[in-house]
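This briefing goes through the nonpolar cores, the strand pairing, the salt bridges and a surface patch of the structure shown below. Please keep the sequence and the model side by side while reading the points.

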Amino acid sequence: MAWFKRKEKGITTATEDKKDVPKGLWYKSPTGKIVDSEELERNLWVSPEDDYHVRIGSAEYFRILFDDNEFKELDANLTSVDSLKFVDTKKYSDRLKEVTEKTKLKDAVRTGVGKSKGNDIVICCMDFAFIGGSMGAVVGEKISRGVNYAIKNKLPFVMISKSGGARMMEAAQSLMQLAKTSSKLAQLAEAQLPYISLCTDPTTGGTTASYAMLGDINIAEPGALIAFAGPRVVRDTTGKDLPEGFQTSEFLLEHGFLDFISHRKELKDKINLYIDLILNQDIR
């Protein structure tokens with residue numbers, strides 16, 4: 001039975017008077033669950049019905065991890081340049097300009113320094129919205145500078161990875177960042193400072209092959225894709241069906257590639273717990 005019946009025919013509404021539902025009021029998870037966007041934000045961008053962890057960026061992670069969302073951003077204006085004059089479907093220089101205007105980000109990583117549960121910490125967080133979180137020269141440089149800051153000020157360092165891999169538009173310059181960031185993290189280890197690596201969905205390619213798997217503690221969010229090559233590439237290369245849940249954080253935990261999986265609601269407490277344990281200090 002219909003909820004109502006229209007008694008008069010020929011009723012029309014002028015186009016300019018029609019009202020569309022604003023975008024972003026609702027979120028539909030991959031399992032088909034519909035969530036109010038405000039409720040989703042209150043739940044730290046985790047679908048309350050199916051526990052699906054929605055992809056978020058540095059602004060949201062900083063809000064979760066820093067006390068009262070107060071932090072100082074390091075190297076905020078460091079930006080990429082098209083030194084190779086690279087062109088694929090469009091010029092790399094044009095691509096950089098477009099994505100900067102669209103996302104309001106300078107590059108695919110941001111570094112913040114502030115207090116988390118009362119103690120100072122350095123957090124580098126990648127943004128997938130900026131060219132798929134690809135790792136270019138600026139990403140490697142900002143991570144290296146973040147590590148330098150941590151060493152200079154004797155602070156723990158946290159890396160939040162979310163990346164499609166190396167940035168092909170920068171060719172070998174991008175691949176050099178694997179060695180550059182890895183060597184910096186070795187210096188952090190020599191300084192006996194904690195390094196916590198958090199892998200989020202997705203963490204792939206050169207990111208996985210370098211800093212994402214070098215933490216004193218390697219953790220991940222539930223259901224995150226973590227791999228060097230994605231499932232489709234592996235399947236096409238081997239010609240074999242892949243195990244169920246292949247390359248999810250749960251699969252990697254079972255096979256020894258991760259230390260823990262942490263729900264986003266527990267992330268702040270867990271990261272600070274691991275830091276306290278590594279430093280052999282009182283648990284906060």
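In this predicted model, the largest nonpolar core comprises 27 residues, among which V139, I143, F157, M159, L188 and Y211 touch the most other members. At least two residues of this core come from each of helix 3 (92–103), strand 4 (109–116), strand 5 (119–126), helix 4 (137–153), strand 6 (157–163) and helix 5 (171–190), and helix 4 provides the largest share, with 4 residues.

**Nonpolar cores**
- Leaving aside residues up to four places away in sequence, F157 is in contact with V122, C124, I143, G146, V147, A150, L185, L188, P194, Y195 and I196.

**Strand 8 and its partners**
- Strand 8 (residues 217–220) is covered on both faces, with I217 and I219 buried on one side and N218 and A220 buried on the other; in a regular strand, side chains alternate between the two faces of the sheet.
- Strand 7 (residues 195–203) runs parallel to strand 8 and is joined to it by 4 bridges, with C199 having A220 as its bridge partner in strand 8.
- Strand 9 (residues 260–261) also runs parallel to strand 8, through 2 bridges, and here A220 stands opposite I261.

**Salt bridges**
- The structure contains 17 salt bridges, and one network of them links D75, E141, R145 and K180.
- D107 and R167 form a salt bridge with their closest N and O atoms 2.9 Å apart; because D107 lies in the loop between helix 3 and strand 4 and R167 in the loop between strand 6 and helix 5, the pair ties together parts that are 60 residues apart in sequence. Both D107 and R167 are buried.
- D269 and K117 form a salt bridge whose closest N and O atoms are 3.1 Å apart, and this pair links distant parts of the chain, since D269 is in helix 8 (residues 267–279) and K117 in the loop between strand 4 and strand 5, 152 residues apart. D269 is partly exposed, at 45% relative accessible area, and K117 is partly exposed, at 30%.
- R95 and D88 meet through their side chains in a salt bridge of 2.6 Å, N to O, where R95 is partly exposed at 21% relative accessibility and D88 is partly exposed at 28%.

**Surface patch**
- L25, W26 and I34 make up a nonpolar surface patch with about 330 Å² of accessible area together.
- I34 belongs to strand 2 (residues 34–36) and counts as partly exposed because its relative accessibility is 45%.

Notes:
Residues numbered from 1 in each chain as written. Predicted model: local features only at pLDDT ≥ 70, side-chain atom pairs only at ≥ 80, totals over all residues. Heavy atoms only, no water. Patch = residues over 30% accessible without salt bridge, like charges linked within 9 Å, V, L, I, M, F, W, Y side chains within 5 Å. Areas by Shrake-Rupley, 256 points an atom, 1.4 Å probe, with all protein chains shown as cover. Salt bridge = Lys/Arg side-chain N within 4 Å of Asp/Glu carboxyl O. Buried < 20%, exposed > 50% of the residue type's maximum accessible area, 1.4 Å probe, protein only. Core = buried A, V, L, I, M, F, W, Y, C linked by side-chain atoms within 4.5 Å. Contact = heavy atoms within 4.5 Å. Pairing = 2+ DSSP bridges.
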